[in-house]
Amino acid sequence: MKSRVLAAVGTVAVAAMALTGCSTGGASGGGEASCTNTITKKDVPQVTVWAWFPAFEQVVDLFNETHDDVQVCWTNAGQGNDEYTKFSTAIEAKSGAPDVIMLESEVISSFTIRKALVDIGEFGANEVKDKYTEGAWNDVTSGDSVYAIPVDSGPMGMLYRQDLFDKAGIAVPTTWDEFAAAAKQLKDAGTGVLANFPTNGRAFNQALFAQAGSKPFEYDKTKPTEVSIDVNDDASKKVLNYWDGLVKDGLVTTDDAFTADYNTSLVDGTYAVYLAAAWGPGYLQGLSDADDTAVWRAAPLPQWDAANPVQVNWGGSTFAVTEQAKDKKLAAEVAKDIFGTDEAWKIGIEQGALFPTYKPILESDYFTNLEYPFFGGQQINKDVFLAAAAGYSGFTFSPFQNYAFDQLTEQQYAMVQGEKTADEALDDLQASLEKYATEQGFTSK
């Protein structure tokens with residue numbers, strides 16, 4: 001059973017893959033490694049790091065300049081699943097992994113179950129617990145075990161075109177009922193659609209379900225073969241029926257997210273609203289061919305009950321230490337320290353549009369009062385994202401999360417094509433995940 005479970009949960013490993021430009025692993029400095037950055041202190045140990053953060057080379061250079069006992073050798077091994085596939089290959093080969101790896105919090109369980117990550121609680125990680133937000137810390141821990149150090153997160157809000165709202169006479173919606181009314185008002189005005197509901201939204205869709213109270217998985221990393229699945233709960237059905245109604249009424253589109261056409265629609269006025277994580281402003285600002293006349297503003301995410309707001313998170317990245325690290329203690333120190341200063345975080349915020357989980361900078365006057373020219377000088381952290389971050393308490397993902405997301409995408413696509421109702425889509429999702437879990441050797445709690 002164990003071998004079936006381990007084979008199932010990781011990112012799919014390819015039979016052979018050249019890890020050109022990637023580390024051979026080794027924190028002692030004894031092995032060869034290909035670094036994107038320049039190592040200036042060659043007589044001290046090196047810790048190899050894979051990461052795709054924007055402007056990360058500047059953060060690495062700052063770390064190396066201020067440390068005489070260790071140097072970071074950094075490589076961008078690909079973003080998201082591209083990196084995870086390479087990591088899976090290295091896990092199967094038992095060599096080729098870096099000492100420290102950037103992972104999104106949603107995939108940590110997929111690698112802990114393969115015994116690919118170190119419990120850095122053994123190396124003092126819990127000593128920095130109070131420096132991070134509760135939700136971000138809960139996402140990387142299980143009891144006293146710590147499987148990664150949080151870096152950035154994605155508390156959610158609503159980015160909207162104030163100029164299009166004003167033209168149609170729309171007030172900023174604070175509830176989902178008001179959101180639906182605004183969508184109809186905009187359609188009646190003939191000026192586009194309010195928003196997009198991407199069937200391939202994955203963690204975005206899951207966050208919307210969670211806001212209504214959905215808890216799709218129960219999973220304890222210390223009991224790796226046990227999982228509880230509840231994806232067809234009343235909360236998820238409430239949310240999916242809501243969006244299916246907007247789709248059927250022609251009030252929202254169902255374009256795939258993060259395609260060229262989707263990006264164009266974000267900036268040309270096709271969508272008046274971008275439901276976004278805190279990294280969304282940076283993503284939006286970086287798109288080409290933006291409408292120079294657009295007036296963007298940020299507001300809190302609409303709520304099901306305005307009197308009892310629920311905050312949710314979409315995305316978030318971490319640094320984990322791999323089991324292939326030769327000096328795990330030193331690698332853990334790098335994972336803890338590389339974004340452990342205000343100076344490093346100012347690079348991440350100003351050059352990489354990261355939203356910090358590190359409270360010394362998150363709660364600083366600098367970050368709270370930061371003005372964003374793209375949003376007309378609005379202090380979007382103070383107005384929206386700080387409260388959203390403070391209200392997020394963490395989320396439990398499954399040990400086969402990529403598979404679960406793929407199945408969710410398939411079921412939602414069938415729904416918007418009119419092949420299934422929202423209830424049927426989620427019931428079929430539940431059945432498919434239960435079947436998959438059983439086939440791979442998991443047991444239900």
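This is a predicted model: local features need pLDDT of at least 70, side-chain atom pairs count only at pLDDT 80 or more; totals for chains, interfaces and linings use all residues.
Residues are numbered from 1 along each chain as its sequence is written, and side-chain values use heavy atoms, with hydrogens and water left out.

**Helix α18**

- Helices here are DSSP runs (H or I, at least four residues) and strands likewise (E, at least two), numbered from the N terminus.
- Helix α18 covers residues 422-439, which is 18 residues, and reaches 26 Å from its first C-alpha to its last, close to the 26 Å expected at 1.5 Å a residue (the expected span is 1.5 Å times one less than the number of residues).
- Among the buried residues of α18 are L426, L429, L433 and Y436; buried means under 20% relative accessible area, exposed over 50%, and partly exposed in between, with a 1.4 Å probe and protein chains only.
- Just after α18 comes G441, with a positive phi of about 95°.

**How α9 and α18 pack**

- Two packed helices are described by the angle between their axes and the distance between the axes.
- The axes of α9 (residues 234-248) and α18 come within 8 Å and cross at roughly 135°; axes are lines fitted to C-alpha atoms, for helices over the stretch in contact, with angles from 0 to 180 degrees between N-to-C directions.
- The two helices are therefore oblique to each other (under 35 degrees is roughly parallel, over 145 roughly antiparallel, 65 to 115 roughly perpendicular, and the rest oblique).
- On the α9 side, S236, K237, L240, N241 and D244 meet A422, D423, A425, L426 and D427 of α18, where contact means heavy atoms within 4.5 Å.

**Loop residues**

- A212 sits in the loop between α8 (203-211) and β8 (217-218) and is partly exposed, at 26% relative accessible area.
- Leaving out residues up to four places away in sequence, A212 touches A235, V239 and W304.
- A55, in the loop between β1 (46-50) and α2 (56-65), has a positive phi near 60° although it is not glycine.
- K115, in the loop between α4 (108-112) and α5 (134-140), has a positive phi near 55° and counts as exposed at 53% relative accessibility.
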